[in-house]
Amino acid sequence: PVRIYYEDTDCGGAVYYANYLKYFERGRTELLRELGISLAGYHANGTVFVVTSVEARYIAPLKYDDLVIVETKPSGLSGATMTFVHTIKKDGSDEICVRGTVTVASVGAQGRPLRVPAEIKRVLQMVLQTTG
């Protein structure tokens, strides 16, 4: 769950569009944490994860003090990238307010692509197999 704060909104009182990317980031980080993957551990060992592509569809506005649920699922894996689908709904509602897809690349300290670490790949493949 994420609470919408005043600082998240634009002059019209709705969440400023770019802030949804922050919610996507939180969703990915928390999903991986729940799956037992520590991104900080990979960063400390020289592997970082950078966003290479984002697509967002804004369907219904969210406003100050709304409590929302960010749902994140892996949707694809390749040699060096992971793709995630994000949906954001008001808490207690099935109405999707925002839907997005984010692709993240695994890179080394010099910015060169690296294969997705085996542990992450294994865990995400298991999730993909169970969620279809």
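Strand β1 pairs with strand β3 (residues 67-77) in the antiparallel sense, over two bridges. The model is predicted. Val-2 has Val-68 of β3 standing opposite. The pairing belongs to an open, antiparallel sheet of five strands, ordered β1-β3-β4-β5-β2. At its edges are β1 (2-3) and β2 (48-58), each of which pairs on one side only.

- Ile-120 touches Ile-37, Tyr-42, Phe-49 and Met-82, leaving aside residues up to four places away in sequence.

**Nonpolar core**
- The largest nonpolar core contains 27 residues.
- Tyr-23, Met-82, Ile-88 and Ile-120 have the most contacts inside this core.
- At least two residues of the core come from each of α1 (19-34), α2 (39-44), β3, β4, β5 (96-107) and α3.
- The largest share, five residues, is supplied by α1.

**Helix α1**
- The end C-alpha atoms of α1 are 23 Å apart, which agrees with the 22 Å that its 16 residues should span at 1.5 Å a residue.
- Buried residues in α1 are Asn-19, Tyr-20, Tyr-23, Phe-24, Gly-27, Arg-28, Leu-31 and Leu-32.
- Tyr-23, one of these buried residues, is also among the core residues with the most contacts.
- After α1 comes Gly-36, which has a positive phi near 85°.

**His-86 and its surroundings**
- His-86 is located in strand β4 (residues 81-90).
- The relative accessible area of His-86 is 0%, so this residue counts as buried, the cut-off being under 20%.
- Not counting residues up to four places away in sequence, His-86 touches Phe-24, Arg-28, Glu-71, Thr-72, Val-98, Arg-99, Gly-100 and Val-102.

How values were computed
Residues are numbered from 1 along each chain as its sequence is written. This is a predicted model: local features need pLDDT of at least 70, side-chain atom pairs count only at pLDDT 80 or more; totals for chains, interfaces and linings use all residues. Side-chain values use heavy atoms; hydrogens and water are left out. Helices (H or I, at least four residues) and strands (E, at least two) are DSSP runs, numbered from the N terminus. Buried means under 20% relative accessible area, exposed over 50%, partly exposed in between (1.4 Å probe, protein chains only). Contact means heavy atoms within 4.5 Å. Two strands pair if DSSP finds at least two bridges between them. A nonpolar core is a set of buried Ala, Val, Leu, Ile, Met, Phe, Trp, Tyr and Cys residues joined through side-chain atoms within 4.5 Å. The expected span of a helix is 1.5 Å times one less than its number of residues.
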